[in-house]
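The sequence and the model are shown first.

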Amino acid sequence: MNLTGRTPQGAAPVLELEDVTLELGGRAILRNTSLQVNQGEFIGVLGPNGAGKTTLMRAVLGLVPAASGTIRVLGQPVMRGNPSIGYMPQTRSALAGRRVRGRDFVAMAADGHRWGLPHADAKTRADVERVLDLVGGRALAARPLSELSGGERQRLLLAQCLLGNPQLLLLDEPLISLDPHHQKSVVELVRNVQQELGIAVLFSAHELNPLLHALDRVLYLGSGVAALGTVDEVITGPVLSRLYGSPIDVMRVKGRIFVMSGDVEVEKHDHEHEDDAHGHDHGGASGHGHSHGHSQGHHHASRDGHTNDV
Ligand SMILES: Nc1ncnc2c1ncn2[C@@H]1O[C@H](COP(=O)(O)OP(=O)(O)OP(=O)(O)O)[C@@H](O)[C@H]1O
Ligand SMILES: [Mg+2]
């Protein structure tokens, strides 16, 4: 069994953690962790609230510096605004009230185009159309965000992440507040786009089951520890008991997997919260210097690199 996910591979891993410790507020979120994510992998990122899923993504973006160890993206040390990474932050429900048209919203995330499509250059406009096609979002592009369903907005957020051809997507809780039907279509969409482009995806979620058919490996976080491997390697009583710090049973029923602590299903129980209670206006390109791929909804995060999205 290989829980660190080290696989011999010719190409540079898309993401590499070497003995990484992440700390926030003097507390270790992740301790001495080494792992590799390879190009073209779909990784489901799981773990209880506060396990560090968002923090890990922010560390990969260079927004949370590693207390020790090294993080590399495509063989290079992390840097802010890395064009190889597309990021969908966890906080985004404020988008629901925005009247901006879908196409302009996608264009807002393009580097250097703060005022949306009318002023974007031809190259940016072509890229916007390309990513809209990738997500099947042409029909949505003419409509205001406020008239789209949560699942439809997710499509456009995914389109934003794809601007500029990133090799790694960090999607933080794309399924939050979607019903099971829309969850399924978002997972399928991401899987299709990921395979078509041959890129790697870190997709965090509260529940494993919606991702089961899409993921290549699971990255499970808990108690400062990370386990990366196949579902059969990671989703086991012994591994999860270590991550949760209490006895965990894993039950498989009709192709679904239930992670239980006693008679409580931990994944369900842990994650009832809604995203974004801040009430900030996250929309618009407000010019905090983020590049494309680091799109709407994390301006407060990119200012000081320490605030939390939740
Ligand atoms: N700026 C900060 N200062 C101190 N602690 C922080 C800060 N931001 C986050 N934390 C803490 O770090 C831990 C990891 O948070 P993180 O948001 O990464 O967890 P998560 O796995 O994404 O959780 P969720 O499932 O709720 O999204 C939490 O205990 C959180 O309270
Ligand atoms: Mg989170």
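A residue counts as buried when its relative accessible area is under 20%. The model discussed here is predicted. Thr 54 has a relative accessible area of 9% and is therefore buried. Gln 90, at 4% relative accessibility, is likewise buried.

Thr 54 belongs to helix α1 (residues 53-60), whereas Gln 90 sits in the loop between β6 (85-88) and α2 (102-108), so the pair ties together parts that are 36 residues apart in sequence.

## Aromatic pairs

Two aromatic pairs are found in a search of the whole structure. In one of them, the ring centres of Phe 42 and Phe 203 are 5.6 Å apart and the ring planes meet at 25°; the pair is therefore stacked, as planes under 30 degrees apart count as stacked.

The pair links distant parts of the chain, with Phe 42 in strand β3 (residues 42-46) and Phe 203 in strand β8 (residues 200-204), 161 residues apart. Phe 42 and Phe 203 are both buried.

## Nonpolar cores

The largest nonpolar core has 59 residues, and Phe 203 is among those that touch the most other members, together with Leu 158, Leu 162, Leu 171, Val 218, Tyr 220 and Ile 235. Helix α4 (residues 150-162) gives the most to this core, contributing six residues.

Notes. Residues are numbered from 1 along each chain as its sequence is written. Chains are lettered from A and ligands numbered from 1 in the order in which they are written. This is a predicted model: local features need pLDDT of at least 70, side-chain atom pairs count only at pLDDT 80 or more; totals for chains, interfaces and linings use all residues. Side-chain values use heavy atoms; hydrogens and water are left out. Rings of Phe, Tyr and Trp (its six-membered ring) pair if their centres lie within 6.5 Å; planes under 30 degrees apart count as stacked, over 60 as edge-to-face and the rest as tilted. Helices (H or I, at least four residues) and strands (E, at least two) are DSSP runs, numbered from the N terminus. Buried means under 20% relative accessible area, exposed over 50%, partly exposed in between (1.4 Å probe, protein chains only). A nonpolar core is a set of buried Ala, Val, Leu, Ile, Met, Phe, Trp, Tyr and Cys residues joined through side-chain atoms within 4.5 Å.
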